[in-house]
Number of protein chains: 2
Amino acid sequence: MAATMKDIAKRTGLGLATISSYFNGGNVREKNRKKIEEAIEELHYEVNEVARNLKTNATKTIGVVIPELNNTFCAEIITGIEDILRSHGYATMICDCRTDKQLEQEAVEFLSRKRVDGIINMPVDTEGGHLKDFQKTGKPIVLIDRKIQGVVCDSVLVDNEQAAADALKLLYEKGHRNIGIIGGPEEISTARERLKGYCRTMEELNLPIRESLIVHGDYTIQGGAKAMETLVENNPDMTAVFVTNYEMTMGAVIGLNELGIRIPERISLVGFDNLPFARACNPKLTIVSQPTEKIAEKTAGLMLERLENSGSAAETTTEKLETSIIYGKSIAQL
Amino acid sequence: MAATMKDIAKRTGLGLATISSYFNGGNVREKNRKKIEEAIEELHYEVNEVARNLKTNATKTIGVVIPELNNTFCAEIITGIEDILRSHGYATMICDCRTDKQLEQEAVEFLSRKRVDGIINMPVDTEGGHLKDFQKTGKPIVLIDRKIQGVVCDSVLVDNEQAAADALKLLYEKGHRNIGIIGGPEEISTARERLKGYCRTMEELNLPIRESLIVHGDYTIQGGAKAMETLVENNPDMTAVFVTNYEMTMGAVIGLNELGIRIPERISLVGFDNLPFARACNPKLTIVSQPTEKIAEKTAGLMLERLENSGSAAETTTEKLETSIIYGKSIAQL
DNA sequence: AGCGCAAACAGAAACGTTTCGGTTTTTGGG
DNA sequence: CCCAAAAACCGAAACGTTTCTGTTTGCGCT
């Protein structure tokens, strides 16, 4: 049905190799170039990338495996990555594994069968077993947000410890001493780092670390609400809370609203991620903001670099990016 | 490097056709089946889908073009679609066109070159010119959220007129008479429908349609905030506002907060989309909710149907789904 | 004009499948 | 046990590129 290079060759009287050379930036005599372009025009020819992929053994497609597309943090990063990769001719196959290790494993296998040229992964399984087979193919992997011990590859991270420290210090400066934290699941490295930042900073500030001020949420809205309720119940003297991801921040706000507790009069709050939400809250939330744009740039950049110089077994790099604080009105001056 | 079917054939002593038949559900004698499976195991063989794609002239990949991945409504739908398609062996290539017609056109061309088997599109360009060339290939197109006159294909829509009517009637029942609306851009059909629903219902309720109560936003947060400020300024007697998409709902809430106007004491609000946000607001927002899950199901379903019976030129179907109202506390009883 | 060299070209093979036409094996009924 | 029909199998050709190995062409010199 559709025209092929053979048709172009026949019509122009040129050889296959010449046509191919034309499409791959080779040198072609001016008059032949014209002939070819005419033929393309008339036959509505379009290179068949599938055939090309077979021959070159590359699909110009990158697989992306994330825990949850329906999550602003992920979505923002993906948008950025997709944009950059596409501008370099790479397509993006996204697999949402719903924060499920089993599904994550299947997603990687699926993409591997589709012969993607590389995989970008915000890992759920911190063991990294799901990547082992793919890595054997020698194709590049770039990890986002969480590093995995066993897997040697580039990663793009955020300085979570510092992020927590920044939040804590801000609350301290405003006079807060009894500061609670809604942390994440212990098996997630980012959650551990944020908690570590909290503990370290409390020590630095000579504040006692009280078990009752630490609650482990599950990174969901409901979990955030419940965690906030627990904190409030067990700590009558608590004046501020640091929440360590977006969903739980939302949950914490919901929880406080439902308990009828005013922000920041009764409880001050420092949230995490999602500027628009923080601005829409009343009062505006003070939050720790992650540089999603930069994460996307670095990630796509590292991937493209690996793809171009696939030969060189360059050292793996680990980027660590800084968070920033966006000031709202959710912290009371004591 | 990697094993091919030829290797399997050699190792088992069988012919190529038999191996192929094994992989495509054909009948193979028990002992041969065993031999093949052993060989696969030992050689770590995996079907090369690229070669298969070339031969079968199908990529088992669907292109998805949306205005903005970083938008809950889109993201929720995409997640659902991706999930269903993947479970049927189809990969999903997502292109975010940033609500730009030019980029949308390029995205479709990009996917077309990648030889996707079909395209799912939440269109930005309501003329549909960007789809013309792709449609000539005879491959299926499914439109979401917005229909296009010139393009004959399946579409999955939402009953926007009814959605607006529901919101209006609810406000009316609570005693509101001076009801403003923050509409969307006039060139977007969903926005027109929602506005039409507003006008029609106002008439039905014998309420005068005042120009000053109608503001056209641009579907962004900033636009929502500005629109709300305009409405408040020009309508001192206005007691309620209906906002017609999620971003502008967020913006409207921000705007009211910044003006120091209490919800619902001074102004009642009916928002649109995104349940979690609505619940996190104080007070909880009453919103019109779109059935994203169902939209995803219908869309993926229609696409799969077309792909299976690609021969039959069945009538195109247009699904129209119902919205629902989620009750919060953002409407005052007058 | 004739020479040599580089640039441009041509043809065939290869990438790893599926499929077509034809051959062998198996099966079961008499 | 034989034979026909059915089931299973085989090898070659094809899908539309890229690339390898040569061959031709064009160009600048003398």
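Which residues point one way from β1(B), and which the other way?

1. B:T61, B:G63 and B:V65 lie on one side of β1(B), while B:I62, B:V64 and B:I66 point the other way, and all are buried. Buried here denotes 20 or more other C-beta atoms within 10 Å of the residue's own, with C-beta atoms placed from the backbone. In a regular strand the side chains alternate between the two faces of the sheet.

2. This is a predicted model, in which local features need pLDDT of at least 70 and side-chain atom pairs count only at pLDDT 80 or more, whereas totals for chains, interfaces and linings use all residues. Residues are numbered from 1 along each chain as its sequence is written, and chains are lettered from A and ligands numbered from 1 in the order in which they are written.

3. Because 6 of the 6 residues of β1(B) are buried, the strand is largely enclosed by the rest of the structure. Strands are DSSP runs of E, at least two residues long, and helices are runs of H or I, at least four; both are numbered from the N terminus.

4. β1(B) pairs in the parallel sense with β2(B) (residues 91-96) over 6 bridges, and B:T61 stands opposite B:A91. Pairing requires at least two DSSP bridges between the strands.

5. Helix α13(B) (residues 292-308) has 17 residues. Its buried residues include B:I295, B:T299 and B:L302, and β1(B) is among the elements that cover the buried residues of α13(B).

Definitions and conventions
Expected span 1.5 Å × (residues − 1). Buried ≥ 20, exposed ≤ 12 C-beta atoms within 10 Å, placed from the backbone. Contact = placed C-beta atoms within 7 Å.
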